[in-house]
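Hi,

Here is the structure I promised to pass on. Have a look at it first, and my notes on what turned up follow below.

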Amino acid sequence: MHDILFTPVKLGAIELANRIIMAPMTRDRAGPGDVPTDLMVEYYRQRAGAGLIITEGTQPSPEGKGYWRTPGIYTQEQIDGWARVAEAVHAEGGKIVMQLMHVGRVVVPSNRGYEAGIIAPSAIACADEVPGPDGVPVACDTPRAMTQEDIFRVTEEFVAAARNARAAGIDGVELHCASGYLVNQFLNSASNQRNDAFGGPPEQRVAFAELLLGRMADAIGANRVGVRISPGNPYNGMDPADPEPLFSALLQAADNVGNARTGEGLAYAHVIDMALTDLDTLAMVRSNWSGPIIANNNLKPESGSALLAEKRADAISFGRAFIANPDLPARIRSEAPLAKPDYAHLYTGDDKGYTDYPTL
Ligand SMILES: Cc1cc2nc3c(=O)[nH]c(=O)nc-3n(C[C@H](O)[C@H](O)[C@H](O)COP(=O)(O)O)c2cc1C
């Protein structure tokens, strides 16, 4: 069943055996030093039947961490940990891209386990609360507005992170521009009230994302860099109104980043289709972007197959379905029933509700 999901596809330089992608999911299982653990190796190995795994959001620097036990990619120990993950996924025939996630102002300091700054485009606190180490939501502090020096420093942290991911054997990186984290904070006028070249109209609010994508493309190749967006997402204090001008500008800039460098675009655009407005998000992306599209959000095998058949997307990502179904592609193939996630153990830190879901 759903044969179209089981056809190969190329996302930039990355060749996928099928079009079923595991969406990035934070699971709070990193060890001391924010190093990937053996448990994480096992978790990702179990899910390597996906055409592509996109890792949980991974911080490029200490400042990029806001949640509890999220992994990093800026120390040698972290690189070595991710190398074990990549090796395990590749040994099973899978592919793996790392999501680079900098939280910006969305920080609970006690989640970090060390002192580091809280930075954002403007000194405006996130109105949403964030879970602390015990899971209880905490109000966010007011961030420090980034100077232009900060912008270039953070850009170089992303470049180093992308190089580190490749050094670990990871196939590429995805820039997290969604869900109200740092890059999204630059994109959105509710969090970006800068008066310089990185603020103002949509064409300038996309400048930080464009800079990051361009510098990472220079470092590891445009065809190994993807971008994730969630137009119209109100999460973490984003103003969801009128996403079209902003995301058209972002996608055109992102398209240009790859094509101008190599004649070949970035690897993919990964689109969380919030479906909260009248905007046909996937059509908007298609008309502003020449590369492959991964569609996400609330999709089922049927609706995902339909998007592929209609050529509205080139691959489909599933988040929650991969939590409880490590062998999701095999289950979709055989139309087996899907297990339900154990939501109480999403972030609890051990194997329960993480690596203990059986295969068929
Ligand atoms: C436990 C959990 C953690 C998540 N963490 C991330 C993350 O680190 N980065 C990200 O871009 N999205 C994250 N998401 C969003 C998912 O990637 C996906 O967009 C969302 O679950 C909707 O897809 P689904 O309907 O197939 O689950 C997370 C979702 C869940 C359920």
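Strand E11 (residues 225-229) and E12 run parallel and are joined by four bridges; strands count as paired here if DSSP finds at least two bridges between them. Ile 229 has Val 271 in E12 as its bridge partner. Before I go further, this is a predicted model, in which local features need pLDDT of at least 70 and side-chain atom pairs count only at pLDDT 80 or more, while totals for chains, interfaces and linings use all residues. Residue numbers start from 1 along each chain as its sequence is written. Helices (H or I, at least four residues) and strands (E, at least two) are DSSP runs numbered from the N terminus.

On the other pairing of E12, four bridges join this strand to E13 (residues 293-296), again in parallel, with His 270 partnered by Ile 294. The chain gets from E12 to E13 through helix H8 (residues 281-288) in a right-handed β-α-β crossover. Right-handed means that, with the strands pointing away from the viewer, the path from the first strand over the helix to the second runs clockwise. E11, helix H7 (residues 243-262) and E12 also make a right-handed β-α-β unit.

Why is E12 (residues 268-272) largely enclosed by the rest of the structure? Because five of its five residues are buried, where buried takes 20 or more other C-beta atoms within 10 Å of a residue's own, exposed 12 or fewer, and partly exposed is in between, with C-beta atoms placed from the backbone. Tyr 268, His 270 and Ile 272 point one way from E12, and Ala 269 and Val 271 the other.

Now the core. The largest nonpolar core has 98 residues, and those touching the most other members are Ile 21, Tyr 44, Val 183, Ala 209, Leu 213, Leu 250 and Leu 266. (A nonpolar core is a set of buried Ala, Val, Leu, Ile, Met, Phe, Trp, Tyr and Cys residues joined through C-beta atoms within 7 Å.) Helix H6 (residues 207-220) gives the largest share of this core, eight residues. Beyond four places in sequence, the contacts of Val 183 (backbone-placed C-beta atoms within 7 Å) are Leu 175, His 176, Cys 177, Phe 208, Ala 209 and Leu 212.

Leu 308, in helix H9 (residues 301-309), is partly exposed because 19 other C-beta atoms lie within 10 Å. The C-alpha atoms of Leu 308 and Ile 4 are 7.1 Å apart, although 304 residues separate the two along the chain.

Finally, the ligand: of the 22 residues around it, Ala 23, Met 25, Gly 57, Gly 319 and Arg 320 come nearest. A residue is near if its C-beta atom, placed from the backbone, lies within 6 Å.

Cheers

Terms used. Two residues are in contact if their C-beta atoms, placed from the backbone, lie within 7 Å.
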